[in-house]
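This report covers aromatic contacts and rings paired with charges. The structure is shown first.

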Amino acid sequence: MGKLDDFVCANLLKRINRVVQIVCAVTFIVGLNYVATLYYERIDLTSRHLFSLSPETLAHIEHIQEPIEIIVTIPSDSSREDEEILYRYTRDLINEYVHAARRAGERNMIRVEYIDIFKDIARAEALARDHAIDQPNLVLVRSGNRSRTIVPSEILEFERMRPVAFMGERALTSAMIEVGGAEKPDVYFLVGYGEMRIDDVSANRGLSEIAAELRARNIAVGSLELSTVDAVPEEADLLILPDPMGPLRPEDVEKIRNYLVDRAGRLIALIAPARRHGLDDLFHEWGIRVEDMIVVEGGSDYIEGSGNYLVRQFGEHPVTEVLIRNQTPVITGLSRPVRQVPGAALDGRLSVIHLLGSSPQSWAMRRYRDAETSAFNPATDLEGPVPIAAVAERKIDSRLGISYTGGRVMVFGTADLFSNRLVSSVGNHTLFFSAVNWSLDRDQLLAIPPRPIEKYRLTLSRSELLQAGMLFLIPAGVLAVIGLLVGLVRRY
Amino acid sequence: MRHFGVLLRHELRALFIAPSTYIASVLFLLLMAYVYYMILESYIGAEHDVSVAETFFKIFWLPVFFMVPLLTMRSVAEDRRAGTLETLMTTPVTSLEVICSKFLAAWLFYVTLWGITLAFPFLVIYGMGRPGLTESLLDPGILIGGYGFVALSGLLFVAVGIFASSLTRNQLVAGMLSFSILFILIVGMPALEEHATAWELWLAEPLEFLKVFRHLEDFSRGMIDTRPIFYYLSNAGLVLGLAVLLIDSKA
């Protein structure tokens, strides 16, 4: 008898055979599942395709060049309804981005990390050190050395303090375009007249914080002294004139005029009260008048504890859309009226809109240099609400009859709105970046509609509910009767 | 698989005439009716972020933990205890046919019971004449996804029950084994992920893939993902394969 015919040996071989079969089967199943995780599909059966990404987002994800890291500090276990919705909707959305990137063959192009800054102290400290983020409910989008922080007001739309719509996809895709975009817009801050500077870190006259954030948003930032150049540089996409201390020379004004008119340029000007700026004619051509007056605030609800004014009146415009939606005030110091030229016959191609306004109890005082006069004078003063910022946009008609943007001028009658001291305020921060995005046409990159936040509630009376409860007994009852009948048939 | 049809008919017939089947079914439907009633009550006078159907599917684990062990614990263990399994294996049937027929009969029964619960929203809408609630209670995407998940995950859960039953000749032990494995699969994985990711970040992704509740969340809101389909189908096949090997080795 051969050794293989031996019972013990044959039994051993059988066992080894089974172990090999099990190992092979497990390996096959693990491999199959691994392949399934690499090549998979997600099908959205909801009638309104609530979980499908928009074509704009999918197109962008397919063309991501550099890895993008998303860090979420929204707590997963919040008991607050808005935070719970914020977390759930944001998590689901980010998951779809990760899935889309994988389907596009970019397996590790989008990396996601969730950090509970109250529990994961070590990671929270690292986040605060590296990205200056030490608060919950934020989404940080990072690529290379560029980053963009998304705040809850960009993700959720509220109505009467309750979230009604989710705008996360627009915010997230927009942030990804900002940090990963190949095109880098150039923004120049004008210097030469004692303006606020981007390299100044002081609280009142410094603009270092907004300059740093503009760079983080993939925008090239530079200073420009008009007297040293023949014309505004070709690559300039936006000029910002931050509070000149004296009037601009006519030749410098002419350079700005040419830039605006000939090259459909964009200008944001901050003009503090009592400053002579030399831009009256230019502004007049754009239908805007900057008055030599001072706005006196009379409403106590519009004065902050530190003496600054709270602006709560906003004109309807893309720049103020988020502020209106979230009822976020803007903080300003002293301001002057900036309004549409009274009686100006604007042609159909030039439109002027008042962006910000003081309270109805305020007024604008013309004889502010006269220390003895502080009462409202109807003959010379302006009644509130007084507009303190305005925007003018010019359309150009092409030969084909298509209208496109010709130039944009935005004037604020206050200077310290975006200074290091005030720009950290949510309203001021939102206003500045909305103004820049609108000026650069960045807000029009995406036409992603918000998703409604579904709410479910039943309208049944107590008696109807009891009736429903009785009806629910029918299936069990029918089955019990069938069981009894089967039992009886078997027995007899 | 020539004899599979005969064996399946036999298993279904055995289920159809057994009083325990009806007792378990009635208990199951009473429990689910109570759960649905409580969910409806919670939706009256209070707003919720998820639909009634999504909330209903969230308690899928409750019937799984008691129905699946009850349904499967006697399938192989009882045959082995009574000695009928050995007799059966002397006939020209294979162990694969035996396991597959027992599995399919139990799975069909499980799916049928869940299918009957689809009557609840219809009873509210049509039984009470409240067509206005159709949108709230009968969202096709959610229902297809939710019942699809129940049927799909049921493949693995029932297979686990059959596997546990093939491990022992004691029904009670088989039931407890089945319950324990299902508990680990459904409740243990999220807990394991929570702890394991604290040690090793790379474990997060594979463990996330194994979370049954994550699959449910996707399916029950109308989002069909192909990965869980592969997961449940392939693992049900694996577990049934192991059961076949066990029958072969012990018969």
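The notes below take the basis of the model, then its aromatic pairs, then charges over rings.

## Basis

This is a predicted model, in which local features need pLDDT of at least 70, side-chain atom pairs count only at pLDDT 80 or more, and totals for chains, interfaces and linings use all residues. Residues are numbered from 1 along each chain as its sequence is written, chains are lettered from A and ligands numbered from 1 in the order written, and side-chain values use heavy atoms, without hydrogens and water.

## Aromatic pairs

Over all chains, the whole structure holds 27 aromatic pairs (rings of Phe, Tyr and Trp, the last by its six-membered ring, with centres within 6.5 Å; planes under 30 degrees apart are stacked, over 60 edge-to-face, the rest tilted). B:F60 and B:F213 form an edge-to-face pair, 5.6 Å centre to centre with 65 degrees between the planes. These two residues are 153 apart in the chain. B:F60 counts as buried, at 1% relative accessibility, while B:F213 counts as partly exposed, at 29% (buried is under 20% relative accessible area, exposed over 50%, partly exposed in between, with a 1.4 Å probe and protein chains only).

B:F209 and B:Y231 also pair edge-to-face, at 5.7 Å and 70 degrees. Both B:F209 and B:Y231 are buried.

## Charges over rings

B:R221 lies over the face of A:F51, 4.0 Å from the ring centre (NZ of Lys or CZ of Arg within 6 Å of the ring centre and within 35 degrees of the ring normal). The charged end of B:R227 sits over the ring of A:Y40, 3.9 Å from its centre.

Conventions. Helices (H or I, at least four residues) and strands (E, at least two) are DSSP runs, numbered from the N terminus.
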